[in-house]
Amino acid sequence: MKQLNIGLFGFGVVGEGIYQVLSQKPQLKSNIRKIVIKHPDKKRNAPSELFSVNMDDILEDDKIDVVIELIDDADAAFEIAKKALQKGKDVVSANKKMIAQHHVELIDLQRENNVSFLYEAAVCGSVPILRNLEEYYDNDLLNYVRGIVNGSTNYILTKMRSGTETYDVALKAAQENGFAESDPTLDVEGIDASYKLSIITLHAFGRLISSKDVLRKGITSLKPDDFQYAAEKGYIIKLIANSTISEDGRLIPTVLPTFVDKRETLALVNNEYNGVLIGSALADEQFLYGKGAGRFPTSSAVLSDISALRYNYKYELRKGFVNGFDGNLPVIRKFYIGFNTGTPFDSSIFTSIDELYRSREHEYITGEIELNKLRDSGILTDKNLSIIAFT
Ligand code: HSE
């Protein structure tokens, strides 16, 4: 087995995890030659001579053949990945924002420079969703990819549902456990899930979308009354990322709090676990499950990419790169909208209404809404409204 010489950018939760695993397992024959960091004064659990603040100590070192990029800043990460690929180095990244924003450019750079750019860790942590979509589901016609792709929000929802922790306490625990982004708004507003969904959508369907195309609502507006409604009806609230191909071939990308029947597979995905259902014409439905966040699960995906470099594995994206979204969502779905009694709300957004409830404190309406109308009304950004989709 050939020795890999690695340059590591970033020594946060995952960077340190990778360092620990590689230094404890010499049989992996992967030597970290340099670690570039931003803040040299922080105390680190690794020999000080490994660290540098100069990115050229990795990019200009011809002995380094693999760059692992694990930094937060998506713009800086893109500059690093681009230069490394142009220098003929393989790149492994976990930066979903950077990949979602520069997907085609990065794949082109990979091709032009005949190197590998791998990023299994960017989507669902340890769950090998991308490699499966690329290889196993290469021929079968996929109808949807739907699931829980953000560990922090799933952790928070699990604790809120069981009543063991409030939103604030659960969010703090997700941060302390290293699941959450440094800016946790990205998790709780569903933005991180939208990046991941856009990456999944390209690998699943060959359709290119921006994360901004995703119809999105996070979990910050959910209230105890919503969890009570869910419990009474036999549902569990999950933040579900969903790319579905409609009957007329249209892509419908959404990230929404969703009522999942408590007997359904996705209802069993708790805490920081992720779970993704893949719906296909021949295999029907399949399920991938595992830890989606945290030091060692994410390190596991990075390690798998490092191993794949030994046989020059590349994402081929054989399904193509067609523009995946024309901005039109002429699809009707059932929703629940809940709010404190007295909150101004115009119910004419509903095409039809199933239930209307009002108590002294809480109101909710369930019924059908066209997705175009939901997006254009602006109510998805109204912090006073809980908006939950039915599956
Ligand atoms: N903040 C992300 C999550 C980390 O909670 O899923 C893994 O991508």
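Between which helix and which strand is the place of Asp-65? Asp-65 sits in the loop that runs from helix H2 (56-59) to strand E4 (66-69). Helices (H or I, at least four residues) and strands (E, at least two) are DSSP runs, numbered from the N terminus.

The model is predicted: local features need pLDDT of at least 70, side-chain atom pairs count only at pLDDT 80 or more, and totals for chains, interfaces and linings use all residues. Residues are numbered from 1 along each chain as its sequence is written, and side-chain values use heavy atoms, with hydrogens and water left out.

Asp-65 and Ala-84 are 19 residues apart in sequence, and their C-alpha atoms are 9.2 Å apart in space.

The loop between strand E11 (251-261) and strand E12 (273-280) holds Asn-271. Asn-270 lies in the loop between E11 and E12. Phi of Asn-271 is near 50°, a positive value in a residue other than glycine. Asn-270 and Lys-159 are separated by 111 residues in sequence and by 9.1 Å in space, C-alpha to C-alpha.

Lys-29 also has a positive phi, about 50°, although it is not a glycine. Its place is the loop between helix H1 (13-24) and strand E2 (30-36).

Thr-343 is found in the loop between strand E15 (332-340) and strand E16 (352-358). A polar atom of the Thr-343 side chain lies 2.6 Å from the backbone oxygen of Asn-340. This is a polar contact, that is, a pair of N or O atoms within 3.5 Å; within protein, one must be able to donate a hydrogen and the other to accept it, and residues adjacent in sequence count only if both atoms are side-chain atoms.

Leu-288 belongs to strand E13 (residues 284-291). Leu-288 and Val-13 are 275 residues apart in sequence and 24 Å apart in space, C-alpha to C-alpha.

The table gives the accessibility of several residues.

| Residue | Relative accessible area | Class |
|---|---|---|
| Thr-343 | 17% | buried |
| Leu-288 | 19% | buried |
| Asn-271 | 23% | partly exposed |
| Asn-270 | 26% | partly exposed |
| Lys-29 | 33% | partly exposed |

## The ligand and its surroundings

Which residues are around the ligand? They are Lys-96, Asn-150, Gly-151, Ser-152, Phe-179, Ala-180, Glu-181, Asp-187, Asp-192, Lys-196, Gly-292 and Ala-293. A residue is near a molecule or strand if one of its heavy atoms lies within 4 Å of it. By class, this shell has three nonpolar, four polar and five charged residues. Ala, Val, Leu, Ile, Met, Phe, Trp, Tyr, Cys and Pro count as nonpolar, Asp, Glu, Lys and Arg as charged, and the others, Gly among them, as polar.

An oxygen atom of the ligand is 2.7 Å from a polar side-chain atom of Ser-152. A nitrogen atom of the ligand lies 2.7 Å from a backbone N or O atom of Phe-179. For Asp-187, an N or O atom in the side chain is 2.8 Å from a nitrogen atom of the ligand. Taken alone, the ligand exposes 260 Å², and the protein buries 93% of that. These areas come from the Shrake-Rupley method with a 1.4 Å probe; for residues, only the protein chains shown count as cover. Helix H6 (151-162) and helix H9 (191-205) are the elements that give two or more residues to the shell.

Glu-181, one of the residues around the ligand, lies in the loop between helix H7 (167-176) and helix H8 (185-188). With a relative accessible area of 18%, Glu-181 is buried. The side chains of Glu-181 and Lys-96 are joined by a polar contact of 2.8 Å.

## The cavity

Leu-22, Leu-28, Ser-30, Leu-303, Ile-306, Ser-307 and Arg-310 line the largest cavity. A cavity is a set of points, on a 1 Å grid over the protein atoms alone, where a 1.4 Å probe fits but cannot get out; lining residues have an atom within 4 Å of a point. Helix H11 (residues 295-309) gives the largest share of this lining, three residues. The lining has four nonpolar, two polar and one charged residues.

Technical notes. 1 Å grid on protein atoms, 1.4 Å probe; cavity = no way out; pocket = protein on both sides within 12 Å on 5 of 7 lines; lining within 4 Å. Buried < 20%, exposed > 50% of the residue type's maximum accessible area, 1.4 Å probe, protein only.
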